[in-house]
Amino acid sequence: MTPTIPDEIKQRVNNQIKTCWKIAKNTYPDFKLRLPVVYYTKRGGVAGTANSFCNRLNFNPTLLMKNLENGFIAQTVTHECAHLIANHVYNTDCKHGNLWKRIMLDLGVKPERCHNYDMSHLKPHKWHCACQTHNMSKRMHNAMMKGVGRRCKKCKTTLSPGPLTHHLDPPKRKISTSRIDWTGTSFRKDKICEPTKNARLLEIIDMCDGTQTVEQLFNDVKKAKKQIRTLARRGYAIELNNGKIKISC
Ligand SMILES: [Zn+2]
Ligand SMILES: [Zn+2]
């Protein structure tokens, strides 16, 4: 929704333009440009534009009203005035070059090209991947609701509607060896099959030197028992000693 601008705010904008014009007249004796016409029809991410051909300024009403406290009038209004003044004084399209920068300094404002106003209102729809919440525009949101898939560049998972409320990678719960109930666990060696080809298990066997605990060796302690049993079935000798595990062929 485009907000309507109260007369009081329009007055503040006009006053800022008049202040800029006053400085320009005092600084450049030949300055004869009349005051510009002001429009408030810009939308999207553009804060304002200046049209020297029509001597016209156009501001974004949404960004104006949202950023009254963030210096919209002091910074953005002056920025656009500086375009009209610079192009008139130097009789050329100064863009954001040194001539424009000089006028900005004359007007007492830092010559910055871009604004950094909050633009989250342009992307009000929340979607999530496995790692974060993504903000989507209404247009993209509608397309995605119709099945257009979007992936997160970071985690490569497809986005789902709604914000990320949970973390898929919760801090690992530490389970001490004592919490694993080994009673009734038998590591049978009788049924000897081929040695394991499971890369992760081979890695574990490689690391195991009889000094580590089950936790240190197996990432997922809940799966450890099953994995140890698999190893035993595959013909490995498993020894458990005070929580330390030894695996040998
Ligand atoms: Zn500009
Ligand atoms: Zn992600």
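Analyst: Happy to! Keep in mind that this is a predicted model. Let's begin at V109, which touches A74, Q75, T78 and M104, leaving aside residues up to four places away in sequence. V109 and T78 are 31 residues apart along the chain, yet their C-alpha atoms are 7.5 Å apart in space. You will find V109 in the loop between α4 and β4 (125–128).

Now for the two helices. Two packed helices are described by the angle between their axes and the distance between the axes. Helix α3 covers residues 72–89 and helix α4 covers residues 98–106; their axes are 9 Å apart, at an angle of about 120 degrees. α3 and α4 are therefore oblique to each other, and their crossing is right-handed. On the α3 side, the contact is made by A82, H83, I85, A86 and V89, and α4 brings L99, W100, I103 and M104. Sorted by type, the residues of this contact are eight nonpolar, one polar and no charged.

Next comes the largest nonpolar core, which has 16 residues; C81, A82, I85, A86 and I103 touch the most other members. At least two residues of this core come from each of α1 (7–27), α3 and α4, with α3 giving the largest share, seven residues. As for C81, it touches I17, C20 and L107, again not counting residues up to four places away in sequence. Another core, of 10 residues, lies apart from this one and includes I204, I228, Y236 and I247.

Note on methods: Residues numbered from 1 in each chain as written. Chains lettered and ligands numbered in written order. Predicted model: local features only at pLDDT ≥ 70, side-chain atom pairs only at ≥ 80, totals over all residues. Axes fitted to C-alpha atoms, helices over the stretch in contact; angles between N-to-C directions. Helix = DSSP H or I, 4+ residues; strand = E, 2+ residues; numbered from the N terminus. Parallel < 35°, antiparallel > 145°, perpendicular 65-115°, else oblique. Left-handed = near helix turned anticlockwise from the far one by under 90°. Contact = placed C-beta atoms within 7 Å. Nonpolar A, V, L, I, M, F, W, Y, C, P; charged D, E, K, R; others polar. Core = buried A, V, L, I, M, F, W, Y, C linked by C-beta atoms within 7 Å. Buried ≥ 20, exposed ≤ 12 C-beta atoms within 10 Å, placed from the backbone.
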